[in-house]
Amino acid sequence: MNEILFGYLSFAILALSIAAITRKNPVHAVLLMIVMFFHLATMYLALGAEFLAAVQIMVYAGAIMVLFLFVVLVLNIREEEKGERFASGWPLGISLAAGLLILILIITDKVLTGRQGQFTQAVILQETHTKAIGKLLYTQYVFPFEVASLILLVAIVGAIVLAKKRLG
Amino acid sequence: MPDIGAQLWLLGPEIVLAVFAFGVILLDLVIKEKSVLAYLSIAAALFIMFTMFGRQGTAFGGMFLADGYGLFFNFIFLTSLCLSILVSLKYLPVERINFGEYYGLMLFATIGMMVMASAGDLIMVYLGLELMSLSVYVLAGFMRQSTRSNEAALKYFMLGAFASAFLLLGISFTYGLTGTTQISGVAQYIKDNGLAGNPVLAFTTILYVAAFGFKIAAVPFHMWAPDVYEGAPTPVTAFMSVGPKAAGFAVIGRVLTVALGPVSSEWTGLLIVLSILSMAVGNILAISQTNIKRMLAYSSIAHAGYALLGVIAGGPEGLASMMNYLLIYTFMNIGAFTVVTLLRTEGVKGEDLSDYEGLSKNHPLLSALMLLFMFSLTGIPPTAGFMGKFYLFVAAINAGYLWLTVIAVIMSAISAYFYLRVVMYMYMKEPGTVIPVQRSTAGRVALMFTGIAVLLIGVQPTGFIQMARSALAGFGI
């Protein structure tokens, strides 16, 4: 059962992604992407990563999607549909990406797993992901957490400076 | 957690700077005279510079390392912060971008660099890099009314996001292989388990070199540099040609020479290719530039190539020569950019090489200083640039890279052509139109300070190289 679900999800994610980038109409592309995000979240859920699944829905299907829709809002869809779908450098881009993929495929069977930490599968099942991540985030990783808050502040200040500031 | 106070004390420089950064952004709401914020930022940087030394230890379970290496780089970052702010004071009103957030973002970028240089964990390397990069992307696009500035910010952002993705992929592979993200832990695991020669690790190395190569603008990851340097506000260009570059080198020192130290043969070859390409492409393409900011962008690519020699040579001597060179580069490059900034006045861009024709007739002192900086960038004695290159080349030769040093010397000779062309324009051509110069006391202070530093290190070079060598005590190489 699990194999069938995994097979379906992988196939659907691939097909939806390819469909999303080949659409000329941005609205269609964005809608296909939302469906893809939900499939990805289901996959995380099937793998037992419930926290990641929730974050996937909230951040990608929620926040990032709204951002995309705002961009689509300011596009002129009729004009967009007339132009070429891909930028002129796409053969180079696709060959670079293919090269990277081949490299990763070559090395995959050489991956050795490093030492296991304190969070084994049994511990996770007992504690749940959300609790384990929350605990770590506010103890061992509190310093990275604080630095991340600075990054968000810079992003907010930067957005206001670039978008809202009246010119002197 | 053991004694939180002692750990926070180690983080003192970053915390003080963060407090000032918040302060600057908040005070911006009530203070009309923005130069107050600039002086506040400089005061913060100077205060930290004089109080930060002597800190030693690790904080937050090895996430943060306070050591001589990090503090030396902090000194470079804070120096470039002070100088860039001094240069900005009169430039911002001319460009109509005199906003307080400018100084706040500069401070945040510096905090990011300091976190990078003191990172004891790959996660901190990444977060510091993002904090620095995000601030600098915004600063590059600060001139909202200028399309070139917008283009610069967007280009930098797009390619920077790419580099971040490479870095994250590298970090996750490292974590998968070793089960840790701690820099010293990674090195230990590789050594204990004989991971040398593992293809996944080799691939990870390539990802790191690509990500850091982008930050230091080394060929072939340099495509963004000329456009971004040209489009960004000139003081920001000065800042980002020095600070983020030094920060990139700081994490190269931590990640490549420490974490991946046991497999140094795998990345040394890559860095040699990067170094040769950077020196060749940077110096040769600089010759055909007519915009001085673009020319200095290519020159900064070439200087990344020289500084890589120190990393390639490795060991305390190689790294010390690299750190010394980056400090010297800070003075001479910001000095040169200060002159470029001072030529920007109301209605005059002052970025073209032709603007320098006969400059010595009208502004003899400014021209003399520009001559000094150009000599230093070329590497002509008795300037600091010569001593910096000297230590780099000695380190490379001692490590057995004589042929690489020969290439570097040849490339330096080529670079003389375009640096000295500026001097030739200033002294041997008749002035076309009189180019006015900003009446900026702060700019003059920056100019005087960099000029004195370049001369002083040139005749008395041992101080900083000794400082760099002793900073490396206990670094773990």
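This is a predicted model: local features need pLDDT of at least 70, side-chain atom pairs count only at pLDDT 80 or more; totals for chains, interfaces and linings use all residues.

Colleague: Where is A:Thr128, then? And why is A:Thr128 called partly exposed?

Modeller: A:Thr128 sits in the loop between helix 6 (121-127) and helix 7 (129-138) of chain A. On the label, buried means under 20% and exposed over 50%, with partly exposed in between. A:Thr128 comes to 36%, so partly exposed is the label.

Colleague: Why does B:Gly54 count as exposed?

Modeller: Exposed needs over 50%, and B:Gly54 has 65% relative accessibility, so it counts as exposed. Look for B:Gly54 in the loop between helix 3 (35-51) and strand 1 (57-59) of chain B. B:Gly54 and B:Leu10 are 44 residues apart in sequence, and their C-alpha atoms are 9.6 Å apart in space.

Colleague: How do you know that B:Thr345 is buried?

Modeller: Its relative accessible area is 10%, and the cut-off is under 20%, so B:Thr345 is buried. B:Thr345 belongs to the loop between helix 14 (315-342) and helix 15 (359-362) of chain B.

Colleague: Which residues is B:Thr345 in contact with, leaving aside its neighbours within four places in sequence?

Modeller: B:Val94, B:Pro436, B:Val437 and B:Gln438. Contact here means heavy atoms within 4.5 Å.

Colleague: Let's go to whole chains. What is chain B built from?

Modeller: Chain B has 20 helices and two strands. Its radius of gyration is 21 Å, close to the 23 Å that the globule rule gives for 477 residues, so chain B is as compact as a globular protein of that length. The C-alpha atoms fill a box of roughly 70 × 55 × 40 Å along the principal axes.

Colleague: How much of chain B is buried?

Modeller: Buried residues make up 66% of its 477 residues. As for contacts between residues at least 6 apart in sequence, 81% of them in chain B join residues at least 24 apart. The accessible surface of chain B is about 15,400 Å², and 70% of that belongs to carbon and sulfur atoms.

Colleague: And chain A, what makes it more spread out than a compact globule?

Modeller: Chain A has eight helices and zero strands. The globule rule gives 15 Å for 168 residues, and the radius of gyration of chain A is 21 Å, well over that, so chain A is more spread out than a compact globule. Its C-alpha atoms fill a box of roughly 55 × 50 × 30 Å along the principal axes. In chain A, 23% of the 168 residues count as buried.

Colleague: How many residues of chain B are in contact with chain A?

Modeller: 40 residues of chain B are in contact with 32 residues of chain A. Between them the two chains bury about 3,300 Å², 80% of it on carbon and sulfur atoms. B:Phe99, B:Arg144 and B:Phe203 supply 18% of the area that chain B buries against chain A, more than any other three residues.

Colleague: One last thing: which peptide bond involving B:Pro220 is cis?

Modeller: The one joining B:Val219 and B:Pro220, where omega is about 5°. B:Pro220 lies in the loop between helix 9 (199-215) and helix 10 (225-231) of chain B. The bond from B:Pro381 to B:Pro382 is also cis, with omega near 5°, and B:Pro382 is in the loop between helix 16 (364-378) and helix 17 (384-398) of chain B.

Note on methods
Residues are numbered from 1 along each chain as its sequence is written. Chains are lettered from A and ligands numbered from 1 in the order in which they are written. Side-chain values use heavy atoms; hydrogens and water are left out. Helices (H or I, at least four residues) and strands (E, at least two) are DSSP runs, numbered from the N terminus. The radius of gyration is taken over C-alpha atoms; the globule rule is 2.2 Å times the number of residues to the power 0.38. Buried means under 20% relative accessible area, exposed over 50%, partly exposed in between (1.4 Å probe, protein chains only). Accessible areas come from the Shrake-Rupley method with a 1.4 Å probe; for residues, only the protein chains shown count as cover. Buried area is the accessible area (1.4 Å probe) that two parts lose on being put together, summed over both.
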